Each structure stands twice: as structure tokens, then as C-alpha cells.
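Dear colleague,

I am handing over a structure for you to look through, and below it I have set out what was found. Please keep it open beside this message while you read.

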Amino acid sequence: MKIDRLLSIVILLINRRHIQAKELADMFEVSVRTIYRDIDTINAAGIPVLTTQGAGGGISLMEGYRLDRNVLTDQELADIFTALQGVSSSGGTEHTLLMEKISSVIPPSQSAAFRSKTTQLIVDFSPRGLNGPLEERLTLLKEALEEGVAVSFEYADAEGHITLRSVEPYTLVLKGQAWYLYGICGLRQDFRLFKLLRMKSLVKETRTYTREDLPLEGLPWGGDWQREGSPVPCVLHFAAEGRHLAEDRFDAAELQPDGNGGYFVTIHYPEDSWFYGFLLAFGTSVEVLEPESIRQKLGKLATEIAAKYAKQD
């Protein structure tokens, strides 16, 4: 859109002393003639843009011109910038322009202090090894949200069952390090959450829909929304050599010293495949003390895993 290009040019000019028309044309994939027409439009809007010829010349803003930044303090701007960095790390680059805009309203004399504020806290949600496929799905879903069209995909649930879903997307949710889609599922005729990494063959449909207001109260990701079923109390024992794993995963208030350098921990989770995978991830550093049913099931799983890797005669 032309208005987006005009705004982007202004922000670039605020952040740079000079920029060449050819560089802008390549950046926005338009002709140099179009860039000069854009400069005329920007000037007509009251933003003083100058063009100079020769070495060191180019397109620039009139010296002294700066956007008004009185609405937010430097700390508030730094907090917003930090949050945008964190969200951008989890996929997508659409926040880059806004981050440039925030940087542009910081006076040069305060830029070093601003950079210091924005690096005091770094939030990185990026998953390991999945940025490419994840960004593709995020981009497609954001387009569907903007266009108001449904999407369809094959979906594998936590048990590995695959179903074909047609969904009217309402919002994208970043929970921990995972992205989820929240929308009305045609199969269930109700709102459902879908993990993006469990989607396959994701496509936009031609079917449009009318998006209703989404109430912010009572949405399912406010608590322990991924777990289904009744929580089961489970007592774990971490030996001394595995205490660091317990300290990494649980709050200090949950850790009860065993007198030998290890810990007892009582947890409450629904008994499902995720729960057993969670326990197995601790390897030999943890022992389930109770209930006996979970001890037996975990022992059976461990035996089956060992048999799978045993040497064949």
C-alpha cells in the first residue's frame, strides 16, 4: 500500500542522514520515478524532505526535523521495544518497522542510554530448528486473519489422531515457546485451540466469515489450559546428582530436602502421554515414589524403551 510505503520512507529518513533514491526503489520494488513522486507527496503533507546531487548527496530530512515523542517516556519506549523484540524472536518480521519508528524518536544524545535500556532484558521465544516452517504458518494465518477467510489443515492431537479441520481464525496465541491458533472449529462447532506445530497442509479457504468481538475474560490460555482431565498427585524423588534438574524445573517452595542432597517434590498433573513424557525426560535422575500405578506404568515404558535399543543377537 502506498501509505505504508510513505510512512516507511519517513521513518528511514529519520533514522538515516541520507539515502539514495535507487536504494529506496530497490527496497520497495518500485521505480525511481515512483520514489520521487512519493517524496513530493511527503513534502505536500508538511514533512520537509530535501534532495541533493553529487557525492554524499541523496534524499534527507531537513536538519532539525523530528517526530514528537512527548506521549511516552524513554523507559516506556524501551519497554515496548523490548516486548517487540521478544515477539519478533518467535516468528515474523512485521514488527521491524515499528521498532525503527520507536528508535527514530530518541534524540541522538540519548540513543546510547536507550540501547542500554533495551538490552537490560532480552526475551527470546524462538524455538529450536523450526523457524522456517513456523514463520510460513504464522504468515499464512496472519493473512487469513486480515482477509477474514477460513483456513483448513490436517491436525494431529496429543494422542496422534489426525483429523481435517476447517477453522475461522480469531487470534494467534504465544504461550511459552509455542504458537497456537484460537478460532471456531467447523468439526466441533465451537472455539478450539490448535498448536501450529501440529498442523499440516495448511491453506487459506475462499470462504469468508464475520468475526465477532472476542471477550478477553475467561479465555482458555489464562491458566493451565493445555492439560485435560483430573490432576493426579505424584511424589517424585530427585537424587543428589539430579538436584540441579529439580531446581531448574520447580520453584524452591516445592522442593523438600531429603537429607542426602536430593529433593522430594509433589506435583499434580493429569495422567496422560504428555505426563509420562515429562517424567521420562528426567532420565535416571528421578524416581516416582507414588502412586504405585504410575510407578508401574513408567517402569513398563522404560523397559520397552530399553528393549528397543538392546543389541540384537
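Leaving out neighbours within four places in sequence, Phe250 is in contact (heavy atoms within 4.5 Å) with Leu236, Phe238, Leu255, Val265, Ile267, Phe278 and Phe282. Please note that this is a predicted model, in which local features need pLDDT of at least 70 and side-chain atom pairs count only at pLDDT 80 or more, while totals for chains, interfaces and linings use all residues. Residues are numbered from 1 along each chain as its sequence is written, and side-chain values use heavy atoms, with hydrogens and water left out.

Phe250 also belongs to the largest nonpolar core, which has 19 residues, and is listed with Leu236, Phe238, Ile267 and Leu279 as having the most contacts inside it. Such a core is a set of buried Ala, Val, Leu, Ile, Met, Phe, Trp, Tyr and Cys residues joined through side-chain atoms within 4.5 Å, where buried means under 20% relative accessible area with a 1.4 Å probe, protein chains only. A second, separate core of 18 residues includes Leu172, Trp179, Leu181 and Cys185.

Cys185 is also the bridge partner, in β5, of Val167. Strands β4 (residues 162-175) and β5 (residues 178-185) run antiparallel and are joined by eight bridges; strands are DSSP runs of E, at least two residues long, numbered from the N terminus, and two of them pair if DSSP finds at least two bridges between them. Both belong to an open sheet of five strands, ordered β6-β5-β4-β3-β7, with antiparallel pairing. Its edge strands, β6 (190-195) and β7 (199-208), each pair on one side only.

With best wishes

How values were computed: Helices (H or I, at least four residues) and strands (E, at least two) are DSSP runs, numbered from the N terminus. Buried means under 20% relative accessible area, exposed over 50%, partly exposed in between (1.4 Å probe, protein chains only).
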